[in-house]
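Here are my notes on this one, as numbered points. Have the viewer open while you read.

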Amino acid sequence: MRTKRKGFAIVLVAALAGLIFLLGATLVVLARLQSASANYDQRVRLAREHARAALDMAVADLQDKLGKDIAVSFTADTQSAALAEDFKDERVGAVREPYWTGASDGNTTSWLVTQALNGTTALPTGAAPSDEVELLGEGTVGANDLLRVKVPTEAISMKGVDGFAADSARTIGNYAYWVGDLGVKASYAWYDQIDSVSHEPYVIAEDEGEEIYFAQNRLRQATISKPGLRENQNPEPGSPSWEDVVDSDDPVNSARIDSFVNDFQFRHRFGGSGTDERFLVGLDSSDAEYYFHDFTALSKGMMVNSSLGGFRLDLSLLEPASDAIYIQAYKAYSNFYAAELASYEDFDAYTYRLRGSSLGVLPVLPAISQFNLNYSISFSSVIAGPSELSISVEATLELWNPYASAIEFGEGELEIIVDGLPEVLAIWLNDGNSEGGPDFVLKDGNLPSALTFKISSISNGSKRMRAGQIVLLSGPLGDGSGGVVYELKSGGTGLTRGIVYSSTVELVAPLTHFYAKSGLVEDPSTIGINVKLRDGGTDLLTYNPQGFSLSKTLFENPMAVTPPRFGFSWEFKDLSFPIVDTTQLFNPSLGSSVLNAWEPNAAAEVNVDPVFPTSGSALFGAAATVDASESDFPLIKLPKQAFTNVGQLSVATGVRRDPVVPSIGEADVSTNQNRFFDQYYFSGIPKGITNWKFGDSLPNAIYKPRAGISGFSTDSGEEIFVHGLFNVHSTSVDSWAALLRGAPVEKHPYWKDILPNDTYLFMNHPLGGEDINVVVDEASAPDVDSLDAIRLSLKKNAFALSEEQVDALAELIVEKIRGRVGDDPVNPFDSLEEFVNSGVLQDAIDALDEHVDPSLRINPSWVIAGTPAEFRQSTILNLISGILSVRSDTFLVRAYGDAVDPADPSKVWARAYCEAIVQRTHEEYNGPAASLADTERKFEVVAFRWLSPAEI
């Protein structure tokens, strides 16, 4: 028994000893785990510190290279071979890292990636070395290797590392960063917000209780309002295709996109399960990955002058002190939209009242294109003896509304006053000739030196001339003697002659013929006259024709012509009209074949018919009726709503390439008017008394006030951000295609019933251009250079580009950008003026017009260059120039840091990745600059997050 107890004690002691050993071992393990955990945490913190240091370096790099207003940004893909292929596809001649961001100040170019300590970081070639780190990988852009980004790393070394000699520098980690340019991407924030614009002149009208928004609908054809990224119906596995998508019936771009403070917030919510939680209906995370380099939820920018520095001037607010600040003709033109409205009944019912230049704006006047004044000479008897000699007048007037909008006379009457007429008339009877003295001389007030004609209506009592209308008016109506004003009307009924002289003369022999001469001069064209256009007693315009023609005045057997007559014909070929202090607005090359096409009929006994009863030779050489005809040409645009971008000023120049001032938006380096794109913009902020209040939507709805302000100062450029600013250095085919799809035809109530569905609207004259649309059947196109071709060219204005045409044009634009910017040395666009003058857009259009597939060509062969029917680069700029820039202000930065074994730097202990959105702001960096060119603005980190390796 005692022996058993001894054995139990031994077992108990052994068990206790084992327990104590196990406890000790556990404590050792725990101590080691705690030590390892502490070491790991320390190493992670060290890696994160290195990553944050890399982020700070990236922000400092941005501030240094892109802080100034005049600095520009671009992507390395501009250095790729000039091919039209998208960067999501395999390409020959592509740079190894197409998504590196370049920065240029006009002298030096830098790449905004990890800067080598010796400052020589260059665009890489060949295979990526093993020490490069991937900062854009499968976790962000999916399985397409072409979309990934690698950058070089830089080692971090220090002395005094524990376990090593104090003077031995050891590598403790590495850092890297990449700055991604969000401005070269198309924006998810582009969507139709026009209905939120309600200030004058966008107030609604009502028709039988239904609200009508005609002015807002016009804005849709002048403002980029892409309805959102589209629903992807049939994506290829792993590679959704933009060409495979169609419009979603659901609203896609939620207004909440405007409130995003960062891009990755949007990506995090991209593929939410519930419809109410999704920002883009019908799309999932694979779409976000595939289009990572094409689209962004955040690309805010400022309206700065990249050419000179400082903010662009807001032409919606600016009152010019001199022509040097803002050309007065343009200012007056941009104010046209504030004219009195006559009616909202229909799109073309926007009628302008006649007005002269005294109102401080350009006049709105019809043009007198021809004026014929006929003197009729009659004898009551042709036998010898007393005969009653009567002289009467008849007039024919060709009046033309050259505008692409209707004009109306208002309550008054339009008066045509002709003064400076010759008061002397010599008549030779029978064998008399100009060598001998005349038989009769009328002078000393016998003939009036001035005549007045009035126009009470155009036709059927209407005082309204529709766009481009030509009317032929004749008169007088009733006897105008005794000081009564002669009336002119359309049509040939009820016309009489106005007697201006009557007396009894003695015929010494029977009258067989006579010869008359006006003013006792051989050349009647030396007679100077004035033709005044008046309204309600107010002089609107004075025409001073340089000469006129005199019809045949030798009449054989006057009884055969009842009554014998001769006349003066003034044809105002130069149309001294209507812009004050400017020349005419027509392309001079059209003048010889069109404007001067009217010629008198030289074979006629009397070459100027005093009355056009139904038709006759009219302006532009075509048969014209009193009610107007296909000869009608509206050439000059009058804006019907506020401007949304500077490109729309190109319509102020009519159809000329060298108009009142050089044409805006054309590739003509001999002019400097394209500086307007760098110097000015239109906010659409209304002036004067209005219901609009600060914070309400502007016509260009992507212009929004920055946070923290309560109103605009003298110039709104200091207070607005442009949501969706687009950098013209973009080489994303899908971004450019999205931009060109900015005005879907189906979004326009007027055009959707006229132009084909699934097409995209472009207009040379976007400011009310619904007035002059002509849809041309290409199967019955006119002969090249024919008058029919000219007529159609001057009337056609709207373009409906197909999905295929837009895609092909976007590809060619990218090709031309790569070819232009990729020249050696690196040659980015330093200003929007340089971009426009380069003709990149025009070159793409020209290339498309030579495409092997005729269905993709835009300009038919019959289209006359320079007319509204020609699709040219200003046609594109009319739509998109309000959001263009040569630089970006919003960037996505990814940074990397690691911690390595100082004894073996190839052994990485910990890695860290972070991401930030960096925004350039209005605040000046380090205070006011010495000059505009030195103006530098502060970059701020507006969002930050840590990333796991799987999210890279």
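1. Is Asp86 buried or exposed? Asp86 is buried, because its relative accessible area is 9%, where buried means under 20% relative accessible area, exposed over 50% and partly exposed in between, with a 1.4 Å probe and protein chains only. Lys88, at 4% relative accessibility, is buried too. Lys88 and Asp86 form a salt bridge, with the closest N and O atoms 2.8 Å apart; the criterion is a side-chain nitrogen of Lys or Arg within 4 Å of a carboxyl oxygen of Asp or Glu.

2. Some ground rules before going on. This is a predicted model, so to speak of local features takes pLDDT of at least 70, side-chain atom pairs count only at pLDDT 80 or more, and totals for chains, interfaces and linings use all residues. Numbering runs from 1 along each chain as its sequence is written, and side-chain values use heavy atoms, with hydrogens and water left out.

3. More on charges. Across the whole structure, a search finds 28 salt bridges. Glu666 and Arg872 make one of 2.9 Å, N to O. That pair links distant parts of the chain, 206 residues apart: Glu666 is in the loop between strand E35 (623-625) and helix H8 (676-679), and Arg872 is in the loop between helix H13 (840-848) and helix H14 (873-880). Helices (H or I, at least four residues) and strands (E, at least two) are DSSP runs, numbered from the N terminus. Glu666 is buried, with a relative accessible area of 7%, and Arg872 is buried at 7% relative accessibility.

4. Have a look at Arg148 and Glu134 as well: their salt bridge has its closest N and O atoms 3.7 Å apart. Glu134 counts as partly exposed, at 24% relative accessibility. There is also a salt-bridge network, made up of Asp69, Arg887, Asp889, Arg920 and Arg937.

5. Thr140 sits in helix H2 (residues 138-141) and is buried, at 7% relative accessibility. Its side chain makes a polar contact of 2.9 Å with the side chain of Arg894. A polar contact here is a pair of N or O atoms within 3.5 Å; within protein, one must be able to donate a hydrogen and the other to accept it, and residues adjacent in sequence count only if both atoms are side-chain atoms.

6. On to the nonpolar cores, meaning sets of buried Ala, Val, Leu, Ile, Met, Phe, Trp, Tyr and Cys residues joined through side-chain atoms within 4.5 Å. The largest has 132 residues, and Leu399, Ile455, Leu649, Trp736 and Leu809 have the most contacts inside it. Helix H11 (residues 803-821) gives the largest share of this core, nine residues. A second, separate core of 27 residues includes Val95, Val141, Tyr896 and Leu947.

7. Finally, the rings. There are 19 aromatic pairs in the structure; rings of Phe, Tyr and Trp (its six-membered ring) pair if their centres lie within 6.5 Å, and planes under 30 degrees apart count as stacked, over 60 as edge-to-face and the rest as tilted. Trp190 and Phe726 are edge-to-face, at 6.2 Å centre to centre and 65 degrees between the planes. Trp190 is buried at 0% relative accessibility, and Phe726 is buried with a relative accessible area of 0%. Tyr188, Tyr290, Tyr291 and Phe295 form one aromatic cluster.
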